[in-house]
Amino acid sequence: MFNYKFLTKIKKNMQLFVIGLALVLLIIVAGIVQPSFFSANHLINIMYLNTMFGILAISQTIVILSGGIDMSVGAVYWITIMLGSQIMKGENLMQGILICLALGLVIGFINGFCIAKLKISFVVTTLAMMIILTGVLYVATGGGGGGKAAESLTEFSIYRIFRSGTKGGFNGIPVRTLIWVVLTVIMSFILNKTLPGWKIKSLGSNLMATRFSGMSVERTQIMVYMLSGLFAVIAGLFYLGQARTPYPTFQGGVGVGSGITLQSIAAVVVGGTLFSGGKGGVGGTFLGVMLLSILYSLLGMVGLNENLQTILNGVIILIIVGAYSRSKIE
């Protein structure tokens, strides 16, 4: 009876089982290539460096679960970084945070309104927003940086707790990484145990049935994109604190933030959330972020150039998604 229940539980959570197994195998391979990879300091440092990536992936998960996609999260991330530095100028912490949070909510509202009320495709809407924000950022900064993060934001962004205090000992747990974990737990609870979470998932599962159920589809869609904007701002503020005086990357004319946007989508897909929406969650996305982050670190250690890394990343994503698809067929 125990074995039957255990196997049933694994089958029910096959996607999480596959990504968890892939993550463990990847860590083992990385540890063989570089023994120091197994150290707690190294693994926590990987989480620390990829905290912003992880928080952006949460925002993308919420949108994809609802049956949409947000191509503008990277642009919101960068507009937060640049606007925040200009407002703070080294000292105006609360003013900068509040204005950036408000801007993220407004951008999310505009995205949601265009999709829900004007019936514009979510791809078209969010791509257009990315292009608009890229133009605004370029006009405002001329392609260069400026301003400075508040000192207290910098201290908070790099602060660690539980340091050992001895040379070569445990370097501590970054507070911002703990916040990423806490946000993951909170959003997992909301999506799985509350009415708003059920509404978000139902949009992706069956939009027509959701309309007939009497639920306010348009209001929920707007809420989803506002949440996406909010999480993108949180990630941007953490990066601003780390970078102090940031410089935007326009990537040769491509929309600003497009690289990290695509990475967030990859983490969501690798983590088992379906592009069609309705199935998946932020727990799987957390594992997806960790897998891709460790993969990037491993590829860097073995000396692969950026082009080969991109090819191998794509192959691994196909293998994992293919494993998900096969598990459904069987």
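Is Ser 59 buried or exposed? The relative accessible area of Ser 59 is 0%, and the residue is therefore buried; here buried means under 20% relative accessible area, exposed means over 50%, and partly exposed lies in between, with a 1.4 Å probe and protein chains only. The model is a predicted one, in which local features need pLDDT of at least 70 and side-chain atom pairs count only at pLDDT 80 or more, while totals for chains, interfaces and linings use all residues. Residues are numbered from 1 along each chain as its sequence is written, and side-chain values use heavy atoms, with hydrogens and water left out.

Ser 59 is located in helix α4, which covers residues 51-65. Helices (H or I, at least four residues) and strands (E, at least two) are DSSP runs numbered from the N terminus. When residues up to four places away in sequence are not counted, Ser 59 touches Val 73, Ser 228 and Phe 231, a contact being heavy atoms within 4.5 Å.

Charged pairs were examined next. Side chains of opposite charge can pair when their charged atoms come close. A salt bridge is defined as a side-chain nitrogen of Lys or Arg within 4 Å of a carboxyl oxygen of Asp or Glu, and the structure holds three of these salt bridges. In one of them, the side chains of Lys 117 and Glu 218 meet with an N to O distance of 2.8 Å. Lys 117 is in the loop between α6 (93-116) and α7 (122-141), whereas Glu 218 is in helix α12 (residues 217-243), so that the pair links distant parts of the chain, 101 residues apart. Glu 218 also forms a salt bridge with Lys 119, with the closest N and O atoms 3.3 Å apart. Lys 119 is in the loop between α6 and α7 as well, so this pair ties together parts that are 99 residues apart in sequence. Lys 117 is partly exposed at 43% relative accessible area, Lys 119 is partly exposed at 49%, and Glu 218 is partly exposed at 24%.

A further salt bridge joins Lys 148 and Glu 151, whose closest N and O atoms are 3.3 Å apart. Both partners are partly exposed, Lys 148 at 36% and Glu 151 at 37%. Through shared partners, salt bridges join Lys 117, Lys 119 and Glu 218 into one network.

A pair of aromatic rings is described by the distance of the centres and the angle of the planes. Rings of Phe, Tyr and Trp (its six-membered ring) pair if their centres lie within 6.5 Å; planes under 30 degrees apart count as stacked, over 60 as edge-to-face and the rest as tilted. Six aromatic pairs are found in the whole structure. Among them, Tyr 77 and Tyr 239 have ring centres 6.0 Å apart and planes at 50 degrees, so the pair is tilted. Tyr 77 lies in helix α5 (residues 73-88) and Tyr 239 in helix α12, so parts 162 residues apart in sequence are tied together. Tyr 77 is buried at 4%, whereas Tyr 239 is partly exposed at 24%. The rings of Trp 78 and Tyr 239 have centres 5.7 Å apart and planes at 65 degrees, so this pair is edge-to-face. Tyr 77, Trp 78 and Tyr 239 form one aromatic cluster.
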